[in-house]
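Work through the exercises below with the sequence and the coordinates at hand. Each task is followed by its solution.

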Amino acid sequence: MVQELGNNIMTKNNLLRLVFLLLLPFIISACSDKDNETETKAETVKIINQQNKIESNTGNQVETIKKTDEILIEDLMQQVAEAEREANKFGFVWSTTDDIIKKAYAEAKLGNENEAKILFHEAVMQFNLSIEQAKYATQNWKQLVPE
Amino acid sequence: MKVKAKFENNKVEVKLLVKHPMDTGLQKDKNNGDIIPAKYIQELTCMHGEKLVFLANFGRAVSKDPYLAFTFSGAKVGDTLSLKWIDNLGEHEETEVVIK
Amino acid sequence: MIERRNLLKGILGMTAVLTAALIIPKIAFAQWSKAFDANTTEKAMTGMFNKTETTKSDKIYLKVPEIAENGAVVPVNISTDIPNVKTISIVALKNPQPLACSFTIPEGTDTDVSIRIRLFETMDVQAIVETQDGTLYSVQKEVKVTIGGCGG
Amino acid sequence: MKGRIYLTLAIASCLTVATSTFADPVSDNATIRSYFAEKFPDIALEDLVDGAYALDKDSKEQWLQIEEFPPYEEAIDKGKKLFTTPFANGKDYASCFDNGGIGIKQNFPYFDTDKNQVVTLELAVNDCRVQNGEVPLSYGKGAIAYITSYMASTSRGQPINVTIPNDAAKAAYEDGKQFFYSRRGQLNMACATCHMASAGNRLRADILSPALGQVSHFPAYRFKWEDVGTIQRRYEGCNTQIRAKPFKLQSVEYRNLEYFHTYMSNGLPINGPGTRK
């Protein structure tokens with residue numbers, strides 16, 4: 001009963017529902033940390049492609065992809081650093097974001113600016129989502145407490 | 001090698017655990033990536049005086065820090081058992097244990 | 001004078017005992033056989049028993065888990081009521097070297113042995129009991145092995 | 001006279017109303033116990049200290065076979081040797097703990113009312129080292145896990161007895177409680193999601209252990225680690241698995257979580273160190 005209560009409260013918030021549905025296949029495989037290292041990297045790339053695909057064909061997100069072309073990569077790096085500082089205040093940072101930032105810098109070093117921008121953009125989004133998650137948890141953690 | 005030998009309802013229960021890596025020769029070393037050479041116990045014997053009480057031959061599928069348990073009759077509290085093992089690289093260990 | 005000669009005899013005697021102790025492991029342990037290196041069940045069986053057929057028997061009690069907690073440490077216990085047993089062996093059918101271990105059961109030792117073995121994947125584990133006259137009895141059970149997981 | 005009685009009754013009632021909404025640790029534990037009693041009606045609550053092994057015959061059978069000659073014995077021996085080796089200044093760990101450190105693990109973690117913080121057994125071990133001029137040990141595994149494994153082995157059977165002495169301690173408890181019930185990580189799960197709502201269910205071959213009795217066997221020897229590790233090393237691993245960035249070992253977050261998590265199992269017997277997957 002508690003779990004259903006928790007779940008339908010959560011669906012009211014569309015952004016989180018989008019992420020939740022997207023990650024459902026991974027939730028079961030949360031436990032497949034066979035060689036954890038390579039698997040999470042592979043999944044991260046899959047997530048990025050899926051999210052970019054969804055973003056590119058859902059309403060206002062389309063602009064965000066186009067906008068990244070104009071943003072200077074240095075500004076985007078700045079945005080990432082600020083988003084990280086902010087997210088660290090809430091303590092809900094995801095473990096996947098550091099990898100994405102490392103990859104972004106590697107791509108940038110190789111000169112593939114577009115890939116780097118997509119990854120930096122993804123990192124900013126994950127930091128923001130973790131802040132959203134922290135706020136949601138602070139208001140709703142009591143839902144999971146058994147009565 | 002840790003051995004527990006307990007006398008119970010007229011028999012001796014022997015349980016032992018050998019500290020040994022039991023490397024199969026099929027694994028890579030995590031830090032430098034080269035294959036760890038095979039090093040595994042091939043034979044383990046337990047003698048009660050002159051009498052052979054147990055002889056085990058191991059392949060590579062025996063777990064790391066191998067465990068063995070067996071029971072035999074014909075010995076009593078206070079007797080000593082001598083156990084030996086030897087691995088494919090010739091390393092060996094002998095130990096003695098008193099039956100409690 | 002005499003002390004030194006006794007001392008000398010003592011040392012000589014001591015070294016004799018020591019060298020004997022060191023040599024013994026080499027000779028007594030020559031029984032380990034190539035069967036353990038065989039990479040097919042047939043080669044392993046012929047190497048160990050120079051025959052491959054076994055008769056299924058319900059008098060061998062093979063205790064193995066249904067799902068292994070950890071494939072590297074699978075507890076196995078084998079006991080049997082079959083009389084005058086010579087050896088008890090374990091064959092893990094899909095392991096790179098199927099013959100896992102083999103126990104010689106002398107007179108006066110119970111036919112009840114426990115060990116922990118490694119299984120590379122889900123497979124059948126077979127217990128083989130060889131009697132003094134060379135007949136082979138066996139029973140086998142599947143052990144599921146999963147890799148990884150959060151541990152619960 | 002009668003007016004004054006009604007007055008005090010009114011004040012008293014609104015006081016109780018105030019406290020009941022803000023559930024207190026004692027009633028938390030009572031609720032959690034009835035929750036698990038209802039979820040696992042045919043299992044005695046004390047047996048939950050065996051975790052998943054109390055819920056599944058096949059894995060319990062394997063566990064008992066391993067307990068015949070458990071792999072953590074070596075850690076206990078190493079821990080005892082480390083525990084009894086004196087420091088450079090001649091003193092040893094026994095001098096830092098009540099009863100010489102023997103049979104006291106069940107009282108940890110406790111709330112240090114002077115330093116106003118939760119003190120776990122590992123933290124106390126390092127405090128002892130620093131007081132005696134030694135370098136603190138790294139947390140999670142290795143020497144510190146061997147020492148606390150030895151100390152845990154001397155407490156076997158003792159009922160867990162974590163106390164909450166004052167409001168600052170209660171705040172630390174509440175902080176740990178909020179952590180336990182907050183969904184986090186990219187997979188958006190809370191400790192309670194798996195270890196309460198889904199306790200006893202299987203995720204592929206793993207059985208989710210119930211939160212009640214979950215701390216009693218730590219430090220634990222896990223086959224996966226091939227060594228013993230402290231409970232906070234397990235928090236780190238679990239957080240990473242739901243893709244949340246883990247906190248530093250012995251951070252205030254993890255110490256408060258351990259405080260709440262252990263308090264929840266008050267009364268259940270210590271059975272550490274134990275073997276687990």
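**Exercise 1.** Which residue of chain B forms a salt bridge with C:Asp37, and how far apart are the closest N and O atoms?

Solution. This is a predicted model: local features need pLDDT of at least 70, side-chain atom pairs count only at pLDDT 80 or more, and totals for chains, interfaces and linings use all residues. Residues are numbered from 1 along each chain as its sequence is written, chains are lettered from A and ligands numbered from 1 in the order in which they are written, and side-chain values use heavy atoms, without hydrogens and water.

Step 1: apply the rule, a side-chain nitrogen of Lys or Arg within 4 Å of a carboxyl oxygen of Asp or Glu. Step 2: the partner is B:Arg60, with the closest N and O atoms 3.0 Å apart. Step 3: across the interface of chain B and chain C, the rule finds 2 salt bridges.

**Exercise 2.** Find how much area chain B and chain C bury between them.

Solution. Step 1: take the accessible area (1.4 Å probe) that the two parts lose on being put together, summed over both. Step 3: B:Asn57, B:Ala61 and B:Tyr67 supply 19% of the area that chain B buries against chain C, more than any other three residues.

**Exercise 3.** Count the residues in contact on each side.

Solution. Chain B brings 34 residues, chain C 35.

Note on methods
Contact means heavy atoms within 4.5 Å.
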